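Let's take a friendly walk through this protein together. Have the sequence and the 3D view open, and find each place as we come to it.

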Amino acid sequence: SDEFRSAIMALKDPFILRNLLFYLASNWFYTYNFNGFNGHQFNIRTRGLNSAAFWAAQMWASARFGQVLDADAPPRQRARQGMLLVAFGLLLSLGMALQDSRQLQCHGHLGWDKGNSCQLDLWHDAPYCFCPMAIFVLLGAADAIYQNYAYWLMSMAAGSDVRKTAMYSAVYKGVQSLGAGMAWIIDLSEASYFLQGALCLTLTLGACLPVLPCFNILEDGKKDDYAA
């Protein structure tokens, strides 16, 4: 079928090949964020509040990060600035989350993980629970920045080619779902959440490296030529 041939063609595209790992990692966050960090550290009502704050942080970060990517500057400069923010967001949020999982004082024991959960409550455990709650907000912001960057780079690479845009988006969503499924399967094993968090940080940061040469395809033309 035409769809199958288009998918094969997309996988031969140099831009797609360099971004495959980035796409695979783009939804890897969620299993660790929700099953691990939120699910094993807080009680039910605090998880609910955390989830609302997580999605609010995603919306805020998306809007602010979009201003950086759509600034009046050459595309390559915006691409570099965006990538730096992606990497900084990953290191800050996941780095703090991993540290929290080892050092949090939780009802008589230190840290949390599988088989060693911590039911923090936003009221009874205040103010000690505020730091991990803030880290969860950072995880939401970092996730939004990561995915926004993937979409922006696709749009810049495809330009006005609608067919290429659709092809890139289809590959992105397919590979993204594959990565999310792989993270979920790993969670079904005995792998600790500390290990899963470390894997998430390593994968997402490592996936940035093959993307860097893609900046060379961005043309430094007039703003009207490359504005989103």
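We start at N38, which belongs to helix α3, a stretch covering residues 29–38. Keep in mind as you look that this is a predicted model.

Is N38 buried or exposed? Its relative accessible area is 3%, and a residue counts as buried when that value is under 20%, so N38 is buried. Which residues does N38 touch, once we leave aside its neighbours within four places in sequence? The contacts are N33, R47, N50, S51 and F136.

One of those contacts, F136, leads us on to helix α6, which runs through residues 130–158. This helix has 29 residues, and from its first C-alpha to its last it reaches 43 Å. That is close to the 42 Å expected at 1.5 Å a residue. Helix α6 is also mostly covered, with 21 of its 29 residues buried.

Now let's look for open space. The largest pocket holds about 280 Å³, and 15 residues line it. Nearest its centre lie W60, A61, A141, A142 and I145. Where does the lining come from? Helices α4 (44–69), α5 (75–103) and α6 (130–158) each supply at least two of its residues. What classes of residue make up this lining? There are 12 nonpolar, 2 polar and 1 charged residues.

Terms used:
Residues numbered from 1 in each chain as written. Predicted model: local features only at pLDDT ≥ 70, side-chain atom pairs only at ≥ 80, totals over all residues. Heavy atoms only, no water. 1 Å grid on protein atoms, 1.4 Å probe; cavity = no way out; pocket = protein on both sides within 12 Å on 5 of 7 lines; lining within 4 Å. Points joined across faces, edges and corners; volume = space filled by probe spheres on them. Helix = DSSP H or I, 4+ residues; strand = E, 2+ residues; numbered from the N terminus. Nonpolar A, V, L, I, M, F, W, Y, C, P; charged D, E, K, R; others polar. Expected span 1.5 Å × (residues − 1). Buried < 20%, exposed > 50% of the residue type's maximum accessible area, 1.4 Å probe, protein only. Contact = heavy atoms within 4.5 Å.
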